[in-house]
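Visitor: I'm new to looking at protein models. Could you show me how to read one?

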Amino acid sequence: RNPDIRWIYRNIPGAVVQRRTHQSLFVPDLPGGHPYQTLIDLEVMEHEGGYQDRTQNKSGRYIQWLLKDLEEMPGDGRTIYYLAHGHLELWQARPDHRNDDSKLHLNLALKLFKQRASIRVGYYEERWFAMIKAAEICERYLADYECSVGQWRMAQKLDPDRADTFFYIAQHYNLAGQPERALEEIRGGLLLPTPRR
């Protein structure tokens, strides 16, 4: 329906929309061309049972679509990232360590965030956030502090100019009753130059 998309299909051979959710337009390299990103006005038609579904079925359907995308694009980092979020949302809707289904969603979320963090290609920020979410799961839901600090350290190594990880690790040590270690992390964050983003 969008005239901009029709123009692209007519004029750029090989252009395709990828994924059922979190769609992106793939445009092959063209001789003499150069890549750029732009935002366009996009009208979204919502149908019953769509994004605003409040019946608790949204995450389940979302996961099914993502699994289909993963069949077509094995190892796709973006799909794995959002699949992890889908499982985390299902855990957060019913966080119960005694319920096998709930625990399954939590464990899958952690596994998938770690898997996305290990994929070195794709969107850089997505990889960083996968490490942060894995750390959050370990810290908040599993009380696996070696895992949480390890994931934050990986994120810190990936983007050493970012203060977030210093804060998270400092907060961890402060809550663990280790204020000296917390202060070391705070000092590390304070000594960072203001990043140019």
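Visitor: How are α5 and α6 oriented to each other, roughly parallel or roughly antiparallel?

Guide: Two packed helices are described by the angle between their axes and the distance between the axes. In this predicted model, α5 and α6 pack at about 160 degrees, with axes 7 Å apart. Axes are lines fitted to C-alpha atoms, for helices over the stretch in contact, and angles run from 0 to 180 degrees between N-to-C directions. Angles under 35 degrees count as roughly parallel, over 145 as roughly antiparallel, 65 to 115 as roughly perpendicular and the rest as oblique, so α5 and α6 are roughly antiparallel.

Visitor: Which residues of α5 and α6 make the contact?

Guide: Contact means heavy atoms within 4.5 Å. On the α5 side you'll find, among them, Trp128, Met131 and Ala135, and α6 brings residues including Ser148, Trp152 and Ala155. By class, this contact has 13 nonpolar, 2 polar and 2 charged residues. Here Ala, Val, Leu, Ile, Met, Phe, Trp, Tyr, Cys and Pro count as nonpolar, Asp, Glu, Lys and Arg as charged, and the others, Gly among them, as polar.

Visitor: And how many residues are in the largest nonpolar core?

Guide: In soluble globular proteins, nonpolar side chains tend to be buried together. A nonpolar core is a set of buried Ala, Val, Leu, Ile, Met, Phe, Trp, Tyr and Cys residues joined through side-chain atoms within 4.5 Å. Buried means under 20% relative accessible area, exposed over 50%, partly exposed in between (1.4 Å probe, protein chains only). The largest core has 35 residues, and Leu106, Ile137 and Trp152 are among those with the most contacts inside it. α5 gives the most to this core, with 9 residues. Leaving aside neighbours within four places in sequence, Leu106 touches Leu88, Trp91, His97, Ile137, Tyr141 and Leu142.

Visitor: Is Arg181 buried or partly exposed?

Guide: Arg181 is partly exposed, at 39% relative accessible area. Arg181 sits in helix α8, residues 179-190. Arg181 and Ala170 are 11 residues apart in sequence and 7.1 Å apart in space, C-alpha to C-alpha.

Visitor: How many helices and strands does the chain have?

Guide: The chain has 8 helices and 2 strands. Helices (H or I, at least four residues) and strands (E, at least two) are DSSP runs, numbered from the N terminus. Of the 197 residues, 35% count as buried.

Terms used:
Residues are numbered from 1 along each chain as its sequence is written. This is a predicted model: local features need pLDDT of at least 70, side-chain atom pairs count only at pLDDT 80 or more; totals for chains, interfaces and linings use all residues. Side-chain values use heavy atoms; hydrogens and water are left out.
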